[in-house]
Amino acid sequence: MVNAIEVMIGSALDNLDLVQALTDSVTAFMKFDEDAAHWVGMSVRESVTNAIQHGNKLDLDKKVEISYGMEPERLTVTVRDQGGGFQADAIPNPLEGDNLLKPSGRGIFYMRTFMDEVDFRPLATGGTEVHMVKMLKRGTSGSL
Amino acid sequence: MEIKKREVGDIRILDCSGKITLGEGTMTVRNTVRDILNAGGKKIILNLGDVNYVDSSGIGELVSTYTTVTNGGGQLKLLHLTKKIQELLAITKLLTVFQVFEDEQAAIASFG
């Protein structure tokens, strides 16, 4: 590991722009191209939104921890909440049937599309850790 | 996020700029479209050319707006999708749902 950054935020949606700015700085530092940086930023934003809204249920006493691990060829981001746990497999496929026109349920699908790895891990404390990896593909678009 | 409203005949064109994300951005779209529908408007064009950021909640709001307008007997068209919004709609099969235009006159003419 060359560099690591760990931050802790309160469970307020206003903090999403703070996380976005930090993620944008990390991807710029690592020299991801514009498209890849955008999708990483969106994926982290989606994950932190879920942690604040669905994990911690906007409880200001609960925190969200975000960590960025920067290696020469890959960025690892983990997002941990203090909620009651989460079953990623229980999320309906947003591409199927009536789900297509539902107003919600696309965030995790986008994360899985734009990141190279996305895993959901239960924490011993009861919350959820989302583990995401984006490989740095030099000389390519980095998109999709 | 900011929305500027224009009218061409009975067509309402909403020039959107900024971010459509969870919270303020999504509420701005929702409230603006609701006001148009309440005032009897049925033909709406959402110009997204200057929208620089959309998250899944923003995409959800576009879907919700489409459903609300359609169920109310109206029509909603999308104009000037950015490359990134187009990608987000495409991978969730929503490009098959919306009528999308690159040319404003073509969007206006499509209402018939």
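Reading strands, helices and a chain contact

Author: In chain B, β3(B) and β4(B) run parallel and are joined by 5 bridges. Strands (E, at least two residues) and helices (H or I, at least four residues) are DSSP runs numbered from the N terminus, and two strands pair if DSSP finds at least two bridges between them. Within this pair, B:Asn47 stands opposite B:Leu79 in β4(B). This is a predicted model, in which local features need pLDDT of at least 70 and side-chain atom pairs count only at pLDDT 80 or more, while totals for chains, interfaces and linings use all residues. Residues are numbered from 1 along each chain as its sequence is written, and chains are lettered from A and ligands numbered from 1 in the order in which they are written.

Reader: How many bridges pair strand β2 of chain B with strand β3 of chain B?

Author: Strand β2 (residues 11–20) and strand β3 (residues 43–54) of chain B pair over 9 bridges, in the parallel sense. B:Ile11 has B:Lys43 as its bridge partner in β3(B).

Reader: Which residues in α1(B) meet α2(B)?

Author: Two residues are in contact if their C-beta atoms, placed from the backbone, lie within 7 Å. The residues on the α1(B) side include B:Val29, B:Arg30 and B:Val33, and those on the α2(B) side include B:Glu61 and B:Thr65. By class, this contact has 4 nonpolar, 6 polar and 2 charged residues. Ala, Val, Leu, Ile, Met, Phe, Trp, Tyr, Cys and Pro count as nonpolar, Asp, Glu, Lys and Arg as charged, and the others, Gly among them, as polar.

Reader: Is B:Thr82 buried or partly exposed?

Author: A residue is buried if 20 or more other C-beta atoms lie within 10 Å of its own, exposed if 12 or fewer, and partly exposed in between. B:Thr82 counts as partly exposed because it has 15 C-beta neighbours inside 10 Å. B:Thr82 is found in the loop between β4 (75–79) and α3 of chain B, and touches B:Leu48, B:Gly49 and B:Val51, not counting residues up to four places away in sequence.

Reader: How many of the 8 residues of strand β1 of chain A are buried?

Author: The number is 0, so strand β1 (residues 3–10) of chain A lies largely in the open. β1(A) runs antiparallel to β2(A), with 8 bridges between them.

Reader: How many residues of chain B are in contact with chain A?

Author: 15 residues of chain B are in contact with 17 residues of chain A. On the chain B side, α2(B) gives the largest share, 7 residues.
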